[in-house]
Amino acid sequence: MKILELLFPQNVKCLICGKEDGGFGICDECVKSLPYIDGKTCIKCGAPINSGKVCYECKNSNHHFERVFSIFNYDGVIKQSIIKFKQAGSKYVGRPLATLVADYFDKLDIPFDTIIPMPIHPNRLASRGFNQSELLLEVVKSRYGRVYSNVLARVKDTPHQTGLGKMNRQKNLDKAFKVIEKSKVKNKVVLVFDDIYTTGSTIDEVAKTLYKAGAVKVYGLCLAHAMFKNDKVVQSNPSALDLIDIYI
C-alpha cells in the first residue's frame with residue numbers, strides 16, 4: 001500500500017457534490033467551481049486586488065518574507081473543507097486538497113531549495129493527531145521531493161490567532177519558532193507552506209527565524225487567503241484600521 005493511501009483513505013466520491021469521482025476526490029465539474037485566485041494580485045501577499053500593485057494591508061506592514069502565493073480565496077467549499085479537515089480530523093478531506101496544492105506547484109516560478117510545512121506545537125499535534133500543513137504537502141513530496149518536516153519547530157504553544165489584532169498577533173508569535181536543521185536553511189531559498197494566510201504574522205515570524213539561520217530568501221505558499229471585507233478596504237485611511245476589521 002502506498003504512503004498516500006495510508007494517509008488519505010481511498011475516497012471514490014467527489015468531496016463537493018458526492019457523485020462518483022474516479023480521480024483524486026473532486027470531480028472535474030466541481031474543480032471548475034472552486035474559488036481560485038486569479039487576475040490581479042498583491043505582489044507581496046498574493047491577495048486579490050482591483051488596482052495598484054500592493055494591497056491595503058501590505059502597504060501598512062513591514063513583511064519579512066519575499067512574497068506569498070495563495071491558491072484559493074478562503075471561501076465556500078474550500079473554507080468548509082479546511083475547517084472539516086482540521087477540526088473534525090477527517091483525513092480523507094486532505095487528499096483532494098493535497099492534489100490541488102501539488103498541481104499548483106507547476107505554476108510557481110521560484111528556484112527554491114527547501115520546502116517546509118508550517119509546524120505546530122507538540123501539544124496541538126497531540127490533540128489533533130496530525131499537522132495539516134504536512135499532510136497537504138504529501139503529494140508535493142511524492143512528485144517533487146525537497147519537503148522537510150523536521151527543519152523547523154514550533155517551541156511556543158501560542159493560543160489561536162483567531163480574533164486577535166495585528167499587534168497582539170505579533171506579540172503572540174514572538175520567538176515561537178526554532179530552526180532544528182540549519183543545513184537545510186543556510187544559504188538556501190526556502191518555501192514555507194501553510195493552510196491559510198490571514199495577516200501574514202505567522203509567516204513573518206517564521207521568515208525572521210529562517211533568516212537568522214542563514215536563509216537567502218523566504219517565500220510562502222498557502223492553500224487559501226482570507227478575504228477582505230469590501231466595506232473596510234475602500235476606506236480612505238486603511239492605516240487606521242486594525243487587521244481584525246479588514247478580514248472576513
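The model is predicted, so local features need pLDDT of at least 70 and side-chain atom pairs count only at pLDDT 80 or more, while totals for chains, interfaces and linings use all residues. Residues are numbered from 1 along each chain as its sequence is written, and side-chain values use heavy atoms, with hydrogens and water left out.

- Helices (H or I, at least four residues) and strands (E, at least two) are DSSP runs, numbered from the N terminus.
- Strand 6 (residues 217–225) has 8 of its 9 residues buried, so it is largely enclosed by the rest of the structure; buried means under 20% relative accessible area, exposed over 50% and partly exposed in between, with a 1.4 Å probe and protein chains only.
- Strands pair if DSSP finds at least two bridges between them.
- Strand 1 (residues 67–73) runs parallel to strand 6 and is joined to it by 6 bridges; here V68 has G220 as its bridge partner.
- Strand 5 (residues 189–197) also runs parallel to strand 6, with 8 bridges between them, and L191 stands opposite Y219.
- From strand 5 the chain passes through helix 10 (residues 201–212) to strand 6 in a right-handed β-α-β crossover; right-handed means that, with the strands pointing away from the viewer, the path from the first strand over the helix to the second runs clockwise.

**Nonpolar cores**

- A nonpolar core is a set of buried Ala, Val, Leu, Ile, Met, Phe, Trp, Tyr and Cys residues joined through side-chain atoms within 4.5 Å.
- The largest core has 40 residues, and those with the most contacts inside it include V101, F105, V140, L221 and L223.
- Among the elements that give two or more residues to this core are strand 1, strand 5 and strand 6.
- Helix 5 gives the most, with 7 residues.
- A second, separate core of 28 residues includes I116, L210, A215 and V218.

**Helix 10**

- The buried residues include S201, I203, V206 and L210.
- Just after helix 10, G214 takes a positive phi of about 105°.

**Cysteines**

- A disulfide is a pair of cysteine sulfur atoms within 2.5 Å, and the count by this rule is 0.
- The sulfur of C27 is 3.5 Å from the closest cysteine sulfur, in C30, which is too far for a bond.
- The sulfur of C222 is 9.6 Å from the closest cysteine sulfur, in C45, also too far for a bond.
- C27 is buried at 15% relative accessible area, and C222 is buried at 3%.
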